[in-house]
Amino acid sequence: MSERTSPVRRLSEMKRWTYILPVVVFIYVICYIDRTNISFALPHLEADMGLSKAEQGLASGIFFWGYLLLQIPGGYMAERWSARQWIAILMVLWSIAAMAQGFTNSVGQLLIARFLLGVAEGGVQPALMATIRSWFPFAERGRAYAIFKLYTPIAAIVAAPFSGILLTYTDWRWMFIIQGGAPLIVGLAAWLAVVRDTPAKAGWLSTAERDYIEQARVAEGEPLQHRGTFKAAFTSKIVWHFALIYTLTQMGLLGLTLWLPSVLKKAFHTDLKVGFVAILPQIAAGVAIILIGRSADKRGGHIAHMALVLGSAAIILGGASLISPDQKWLVLGAMILGTAASIAWYGPFWATVTKLVPVAAAGAGLGLINGVGNLGSFFGPYIGGWLSDLSGGGYALTQAFFGGVFATAGLLVLTLRKKMREATSAVEPAPDPKPVPAEGQPVVISKSVKADAHPVTDPAPLV
């Protein structure tokens with residue numbers, strides 16, 4: 001019986017996909033909504049508090065400065081202590097900060113609440129990503145991280161109507177309170193009930209399934225417990241290489257937010273039409289994320305998949321600068337394809353990160369890459385706005401710049417081909433697994449597989 005058709009493998013995969021990932025995605029959808037819902041409240045805050053445009057921008061952006069503080073400690077704590085307990089604590093703190101926004105009465109109070117919200121949420125994503133790493137071998141991480149990234153289109157689709165309903169029937173204060181309270185009421189309960197730090201601690205898995213998952217990771221050369229250090233993360237060249245790539249991709253995403261939505265409004269005129277067509281890019285993004293992540297795991301070639309997607313994003317965003325608002329179907333097509341290409345690289349990217357980043361730098365390294373990368377989200381709007389002013393209010397120069405940013409990210413990805421090839425091919429292939437043992441008996445991996453080996457269970461990666 002082959003490993004791919006082993007009943008234990010099928011059962012363990014099914015439970016991981018249906019238990020762990022839905023909860024992880026749900027947690028971060030709530031997190032993302034609490035981060036972005038201020039955009040719906042800003043007109044009301046302007047009327048009630050008299051916020052100027054500059055103060056509105058500061059209230060939105062100060063979140064990211066708080067967000068940076070726990071990025072690196074977040075991954076470190078998840079690896080060295082407990083991702084389950086760490087995230088539970090952060091959920092309580094972020095919920096309190098999110099609800100506190102509804103009780104603010106001045107600009108200063110709002111800024112403090114937004115900053116603390118950023119601090120609490122900053123440690124969540126690296127810890128969630130460390131959790132995924134603990135539950136999924138490398139051969140499955142492209143799909144696992146791709147599913148995690150679904151929080152972006154899901155939150156984008158859910159946030160607008162959810163916030164709109166609350167603002168229609170209550171006010172901005174209750175919007176913050178209700179949406180901020182969700183982590184305590186629903187998310188925390190689901191998280192504590194389902195998720196464990198490792199399969200060995202999950203009571204809903206059989207002994208055979210737990211052994212199979214963990215020994216699959218050991219066979220790929222990954223220890224079940226990481227003892228990384230901050231120094232290892234900060235001094236690792238590959239960590240900074242990934243951080244630069246991630247920064248560029250986050251800047252490139254601004255190409256969509258700065259130009260295409262405004263042109264979409266000009267092309268389709270009415271808010272109703274814009275509301276309907278704006279859902280299509282998010283649906284396309286969700287489909288693309290899953291297809292690219294699945295293809296990378298099935299066919300190998302994580303580097304090739306990333307480079308192809310980032311190159312496509314560069315061409316689409318660069319070419320979009322030539323489209324007129326009168327060409328409304330081209331505008332819509334560019335937005336659909338651009339949105340999909342701008343985030344579909346996510347699954348293969350983080351799978352590659354967990355493969356190439358040294359074990360000693362793993363936890364803190366995930367936080368460093370994500371934290372530094374999010375600076376692109378902060379500086380991108382300023383660069384885009386400056387380029388728009390430079391070109392007399394148009395967006396052609398802005399789009400060309402962000403297209404170039406994606407192209408640069410794609411070239412940096414290609415420089416990792418040799419490292420990835422060495423990591424995935426310079427090891428002994430894993431032998432066929434033994435017959436599935438009875439319940440309660442451990443699955444034994446052949447001793448011929450070295451502890452530091454990285455056997456390839458899927459076809460050889462096309463890097």
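Which helices each supply at least two residues of the nonpolar patch? They are α8 (151-169), α9 (172-194) and α15 (279-299), where helices (H or I, at least four residues) and strands (E, at least two) are DSSP runs, numbered from the N terminus.

Before going on, a word on what you're looking at. This is a predicted model, in which local features need pLDDT of at least 70 and side-chain atom pairs count only at pLDDT 80 or more, while totals for chains, interfaces and linings use all residues. Residues are numbered from 1 along each chain as its sequence is written, and side-chain values use heavy atoms, with hydrogens and water left out.

**The overall picture**

The protein has 22 helices and zero strands. Out of its 463 residues, 55% are buried, where buried means under 20% relative accessible area, exposed means over 50%, and partly exposed is in between (1.4 Å probe, protein chains only).

The nonpolar patch sits on the surface and has about 890 Å² of accessible area together, by the Shrake-Rupley method with a 1.4 Å probe, where for residues only the protein chains shown count as cover. Its members include Trp174, Phe162 and Leu280. Helix α15 gives the most, with five residues.

| Residue | Helix | Relative accessible area |
|---|---|---|
| Leu280 | α15 | 38% |
| Arg80 | α4 (residues 71-100) | 34% |

**Inside the protein**

A nonpolar core is a set of buried Ala, Val, Leu, Ile, Met, Phe, Trp, Tyr and Cys residues joined through side-chain atoms within 4.5 Å. The largest one has 96 residues, and Trp94, Trp191, Phe349, Trp350 and Ile369 touch the most other members. A second, separate core has 15 residues, among them Leu42 and Phe176.

Leaving out residues up to four places away in sequence, Trp191 touches Val23, Ile27, Arg84 and Met91, among others.

Methods
Patches are made of residues with over 30% relative accessible area and no salt bridge: like charges are joined within 9 Å, nonpolar side chains (Val, Leu, Ile, Met, Phe, Trp, Tyr) within 5 Å. A salt bridge is a side-chain nitrogen of Lys or Arg within 4 Å of a carboxyl oxygen of Asp or Glu. Contact means heavy atoms within 4.5 Å.
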